[in-house]
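This briefing covers helix packing, aromatic pairing and model confidence. The structure is shown first, and the points follow by topic.

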Amino acid sequence: MQYALDKLSILTVLPGIRNDDLTRTLHYLEVFDVEKDYSILRIFPILENCNQFVYYKHCHPCSKELDTTLINKYYDLACLKDELAIDHYHHLALKASDCIVCHHCDKRCPFHVQQSEHMQEITDYFHE
């Protein structure tokens with residue numbers, strides 16, 4: 001919990017609270033500082049997550065209202081020959097080819113993904 005509170009909210013995901021979890025969650029306010037220590041996380045390797053798309057909507061809102069999350073997800077699955085994902089992609093109202101390359105998403109991405117370039121790669125893959 002302390003780790004989540006110390007990080008930028010856009011890069012942190014907290015679980016939703018159900019009624020039965022509220023009491024347990026509020027118990028956090030009563031624990032000692034030693035129980036809030038998350039320094040153990042330093043022993044884990046740093047993930048190289050820059051320039052890799054993640055399925056969150058950090059780059060939204062898209063000026064053309066593209067659902068970049070679904071577009072990227074279906075593309076990744078299509079590359080694995082998932083026929084259902086290919087079908088779902090083709091049924092999207094707006095596809096990668098609808099991207100106007102305004103670079104709005106590129107500027108908003110905390111992972112430095114060049115999404116506008118990626119849209120062209122997806123367009124080429126699906127022969128749009």
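Axes are lines fitted to C-alpha atoms, for helices over the stretch in contact, and angles run from 0 to 180 degrees between N-to-C directions. The model discussed here is predicted. Helix H3 packs against H4 at about 145°, with 8 Å between their axes, and against H6 at about 45°, with 11 Å between the axes.

**H3 and H4**
- The crossing of H3 past H4 is left-handed.
- On the H3 side the contact is formed by Ile-71, Tyr-74, Leu-77 and Ala-78, and on the H4 side by Ala-85, Ile-86, His-88 and Tyr-89.
- By class, this contact of H3 with H4 comprises seven nonpolar residues, one polar residue and no charged residues.

**H3 and H6**
- H3 spans residues 68–79 and H6 spans residues 115–125, and their axes make an angle of about 45°.
- H3 is therefore oblique to H6.
- H3 also passes H6 in a left-handed crossing.
- From H3, Thr-68, Ile-71, Asn-72, Tyr-75, Ala-78 and Cys-79 take part, meeting Gln-115, His-118, Met-119, Glu-121, Ile-122 and Tyr-125 of H6.
- Sorted by class, the H3 contact with H6 has seven nonpolar, four polar and one charged residues.

**Aromatic pairs**
- There are three aromatic pairs in the structure.
- The pair of Tyr-75 and Tyr-125 is edge-to-face, because the ring planes lie at 85°, with the centres 5.3 Å apart.
- This pair joins distant parts of the chain, as Tyr-75 belongs to helix H3 and Tyr-125 to helix H6, 50 residues apart.

**Confidence**
- The protein chain has a mean pLDDT of 79, and 72% of its residues reach 70 or more.
- Confidence in the protein chain is highest in helix H4 (residues 83–90), at a mean of 95, and lowest in helix H1 (residues 2–6), at 65.

Notes. Residues are numbered from 1 along each chain as its sequence is written. This is a predicted model: local features need pLDDT of at least 70, side-chain atom pairs count only at pLDDT 80 or more; totals for chains, interfaces and linings use all residues. Side-chain values use heavy atoms; hydrogens and water are left out. Helices (H or I, at least four residues) and strands (E, at least two) are DSSP runs, numbered from the N terminus. Angles under 35 degrees count as roughly parallel, over 145 as roughly antiparallel, 65 to 115 as roughly perpendicular and the rest as oblique. A crossing is left-handed if the near helix is turned anticlockwise from the far one by less than a right angle, and right-handed if clockwise. Contact means heavy atoms within 4.5 Å. Ala, Val, Leu, Ile, Met, Phe, Trp, Tyr, Cys and Pro count as nonpolar, Asp, Glu, Lys and Arg as charged, and the others, Gly among them, as polar. pLDDT is the predictor's confidence in each residue, from 0 to 100. Rings of Phe, Tyr and Trp (its six-membered ring) pair if their centres lie within 6.5 Å; planes under 30 degrees apart count as stacked, over 60 as edge-to-face and the rest as tilted.
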